[in-house]
Amino acid sequence: MAAAAARVVLSSAARRRLWGFSESLLIRGAAGRSLYFGENRLRSTQAATQVVLNVPETRVTCLESGLRVASEDSGLSTCTVGLWIDAGSRYENEKNNGTAHFLEHMAFKGTKKRSQLDLELEIENMGAHLNAYTSREQTVYYAKAFSKDLPRGVSHDELLDLAKFHFGDSLCTHKGEIPALPPCKFTGSEIRVRDDKMPLAHLAIAVEAVGWAHPDTICLMVANTLIGNWDRSFGGGMNLSSKLAQLTCHGNLCHSFQSFNTSYTDTGLWGLYMVCESSTVADMLHVVQKEWMRLCTSVTESEVARARNLLKTNMLLQLDGSTPICEDIGRQMLCYNRRIPIPELEARIDAVNAETIREVCTKYIYNRSPAIAAVGFFLLRI
């Protein structure tokens, strides 16, 4: 239903607002000529909506072994093929600590048919890229190459044949049940590592958030966008849209800050990373907490609308090639067991308003004990 609602190009009320706005942009130039550009804005809005709705379909097939094959034909000249595994360093214990990272590097040491040198030469001669990475909960192996270099093309049915041929029943060899995910408990705490050789203090402060599939995830993403990020190299100064950026710029409180919203399966972290002079650490933390409280009490509809638009823009800009698209598909298949269509995501984001932000932020930020980690040179107690 949410996806269907997102397919509406423009409601009649929206059309009236847009046309009223465009009519107000009829102005006079220096030579007395009329300059009218409101209609182009409406066309751009309609075109952007149509582009979102024309995103290729993501096809998903589950094999008998439990391996799920998901593909999307974006018509690009490059393709990315990868294996996303729902296991990472979080599953390790004292006896096998470091296994996930070790297996990641083993992928580049050669196979039965190819030595490490042969593997590197073959990949480089194709102009391809082979990579792997591990995270807390996921292990990923992927290759990026020209679409013509993938054996037998890149259609979904041919990918199914390749998956069956190369993996077969290898995923069914594990005996016994898959180990349960270890429980994760958040504890408000403070960890400081003083290093007087470092000229600046690097700090991160966070509260406990929620997992990928939690209903409050989207709202916390919008709240994270509201806080935003800032660096001294940015222009704009007091004209920046982020209130925290305005305060830090005006008071010269930090060199940079970056908000973050990190989600896992059953928990998450919502917070801010900052780089400050030792003399401004206390003031910066005070301003950050004050801004967090403002999200709980007095955030405005115009601010939330801007954050919604920026979040949707950032989401679309990240999908600018075969590799980011492939990573998005793999991550969503592990987190949601499906690829969420872009119109559905946009509908969920558009459902967030100022009242929702205040309620959710009060639930997770107000009167909660944060975790603080700091390293560098700082004089006062944090």
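# Helix packing and sheets in a predicted model

Helices α10 and α12 are roughly antiparallel to each other, a description given to angles over 145 degrees, whereas angles under 35 count as roughly parallel, 65 to 115 as roughly perpendicular and the rest as oblique. The structure is a predicted model, in which local features need pLDDT of at least 70 and side-chain atom pairs count only at pLDDT 80 or more, while totals for chains, interfaces and linings use all residues. Residues are numbered from 1 along each chain as its sequence is written, and side-chain values use heavy atoms, with hydrogens and water left out.

The protein chain has 13 helices and 13 strands; these are DSSP runs numbered from the N terminus, helices being H or I with at least four residues and strands E with at least two. Of its 382 residues, 36% are buried, where buried means under 20% relative accessible area, exposed over 50%, and partly exposed in between, with a 1.4 Å probe and protein chains only. Among contacts between residues at least 6 apart in sequence, 71% join residues at least 24 apart; a contact means heavy atoms within 4.5 Å.

Two packed helices are described by the angle between their axes and the distance between the axes. For helix α10 (residues 301-318) and α12, the axes come within 10 Å and cross at roughly 160°. Axes are lines fitted to C-alpha atoms, for helices over the stretch in contact, and angles run from 0 to 180 degrees between N-to-C directions. The crossing of this pair, α10 and α12, is right-handed, that is, the near helix is turned clockwise from the far one by less than a right angle, anticlockwise being left-handed. On the α10 side, Arg308, Leu311, Lys312, Met315 and Leu316 meet Ile342, Leu345, Glu346, Ile349 and Asp350 of α12. This contact of α10 with α12 has 6 nonpolar, no polar and 4 charged residues; Ala, Val, Leu, Ile, Met, Phe, Trp, Tyr, Cys and Pro count as nonpolar, Asp, Glu, Lys and Arg as charged, and the others, Gly among them, as polar.

Ala223, Leu226 and Ile227 of α7 meet Glu291, Trp292 and Leu295 of α9. By class, that contact of α7 with α9 has 5 nonpolar, no polar and 1 charged residues.

An open sheet of 6 strands has the order β8-β13-β9-β12-β11-β10, with mixed pairing; two strands pair if DSSP finds at least two bridges between them. Its edge strands, β8 (190-194) and β10 (229-231), each pair on one side only. From one strand to the next, the twist averages 15°. Within this sheet, β9 (residues 201-209) and β13 (residues 371-376) run antiparallel and are joined by 6 bridges, with Ala204 opposite Ala373 in β13. Helix α7 packs on the sheet, touching β9, β10, β11 (256-263) and β12 (268-276), and its direction makes about 175° with that of β11.

In helix α8 (residues 243-251), Leu244, Ala245, Gln246 and Thr248 are buried. The cover over the buried residues of α8 includes α7, β10, β11, β12 and α9. Just after α8, Asn252 takes a positive phi of about 50°.

Elsewhere, an open sheet of 3 strands has the order β5-β7-β6, with antiparallel pairing. Strand β5 is joined by 8 bridges to β7 (residues 139-146), where the bridge partner of Cys79 is Ala145. A hairpin is formed by β3 and β4, with 5 residues between the strands, and its Gly66 takes a positive phi near 100°. Strands β3 (residues 58-62) and β4 (residues 68-72) pair in the antiparallel sense over 5 bridges, and Cys62 has Arg68 in β4 as its bridge partner.

Positive phi values also occur in two loops. Asn337, in the loop between α11 (322-336) and α12 (342-350), has a phi near 65°. Asn337 is exposed, with a relative accessible area of 55%. Asn367, in the loop between α13 (354-364) and β13, has a phi near 60°. At 72% relative accessibility, Asn367 counts as exposed.
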